[in-house]
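Dear colleague,

I am handing over the structure we spoke about, and I would be glad if you could look through it alongside the notes below.

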Amino acid sequence: MPNCVVVGGSRGIGRAVAQLLADRGAHVVVNGRHADAVDDTVGAITSSGGAAIGFVGSPDNQRTATDLIDACHARYGGIDVLINCAGVAEPTGSSILTITPDEFQRLLDAHLGTVFHTCRIVAPLMAAQGHGSIVNTGSTAALGIYGGTGYPAGKAAVNGLTLAIAAELKRSGVRANVICPGARTRLSEGDEYVAHLHDLHARGLLDEMTLQASLAPAPPECVAPLYAYLAGDLSTRITGQIFLAAGGFIGRFTRQVPTPLGYREAPIWTVEEIDGLMGRR
């Protein structure tokens, strides 16, 4: 049975993932910031015959991340899978015009910091044992279509860090992938969230299809199977990929490559020549 740590596993997508992994026979460490939510999820898993323990805390710092992974080792003897699902919402109405440095840093710590600290702890452990799977949670917000600042920046950084981790650890037999999920959670509901989406649509950031999909997301259970797949042995050939899961849709982002605008032997372009290249594209 694989030993799994699910960061942010007490609510929303993380809870659905933790429950599915346990249903499939995994040993699960459920992590969350609130003890009551952690206890509730662990109780739901164990009452149905699954194996799970809880760990309360936010592993956006080295000490808590280390203690979290140590808890998995102490109870189950090792770690095979790390899944990062933790996240916090951007302040309502936040933009580069209004956000404070402290708010921005909090968002980076919650998303990028958590992924960095947990991955930094498990990477040498997984590399030493010659196997392991890391599944991090990104967001289509990284494309800028939902506005904001720290949330899209943190999620975009998670994407880049995960691809780098995948490249570094591929020879060690360790995989790392990203899922950008679309699902109904406490971060994607409520009057303020709905008003925010309509404001983005009115400003031209969200198209009509994305607006409607964002207003009526599917439950977290719809995206959990992709996490379980990437955590398991069926996906041993897959690493360094960014996936999208929303309701019944599963997709994969094409790796970014540069589109040639022009080339010549002389290395220096004039400003006017560059403008001409842009005008033809």
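The notes below cover the sheet and its helices, then the salt bridges and the cysteines.

This is a predicted model, in which local features need pLDDT of at least 70 and side-chain atom pairs count only at pLDDT 80 or more, while totals for chains, interfaces and linings use all residues. Residues are numbered from 1 along each chain as its sequence is written, and side-chain values use heavy atoms, with hydrogens and water left out.

To begin with the sheet, 8 strands form an open sheet with mixed pairing, in the order β3-β2-β1-β4-β5-β6-β7-β8; helices (H or I, at least four residues) and strands (E, at least two) are DSSP runs, numbered from the N terminus, and two strands pair if DSSP finds at least two bridges between them. The edge strands, each pairing on one side only, are β3 (51-56) and β8 (249-252), and the twist from one strand to the next averages 20 degrees. Strand β4 (residues 81-84) pairs with strand β5 (residues 132-137) in the parallel sense over 4 bridges, and N84 stands opposite N136 in β5.

Helix α4 (residues 101-129) lies across β1 (3-7), β4, β5 and β6 (174-182), and runs at about 170 degrees to β4. Helix α5 (residues 150-169) lies across β5, β6 and β7 (242-246), at about 155 degrees to β6. Axes here are lines fitted to C-alpha atoms, for helices over the stretch in contact (heavy atoms within 4.5 Å), and angles run from 0 to 180 degrees between N-to-C directions.

The structure holds 3 salt bridges, each defined as a side-chain nitrogen of Lys or Arg within 4 Å of a carboxyl oxygen of Asp or Glu. In one of them D40 pairs with R15, the closest N and O atoms being 2.6 Å apart; because D40 lies in helix α2 (residues 35-47) and R15 in helix α1 (residues 12-23), the pair ties together parts that are 25 residues apart in sequence. D67 forms a salt bridge with R63 at 2.9 Å between the closest N and O atoms, and these two residues, 4 apart in helix α3 (residues 62-76), are separated by about one helical turn. The side chains of R264 and E273 also meet in a salt bridge (2.9 Å, N to O).

As for disulfides (a pair of cysteine sulfur atoms within 2.5 Å), the count comes to 0.

Kind regards
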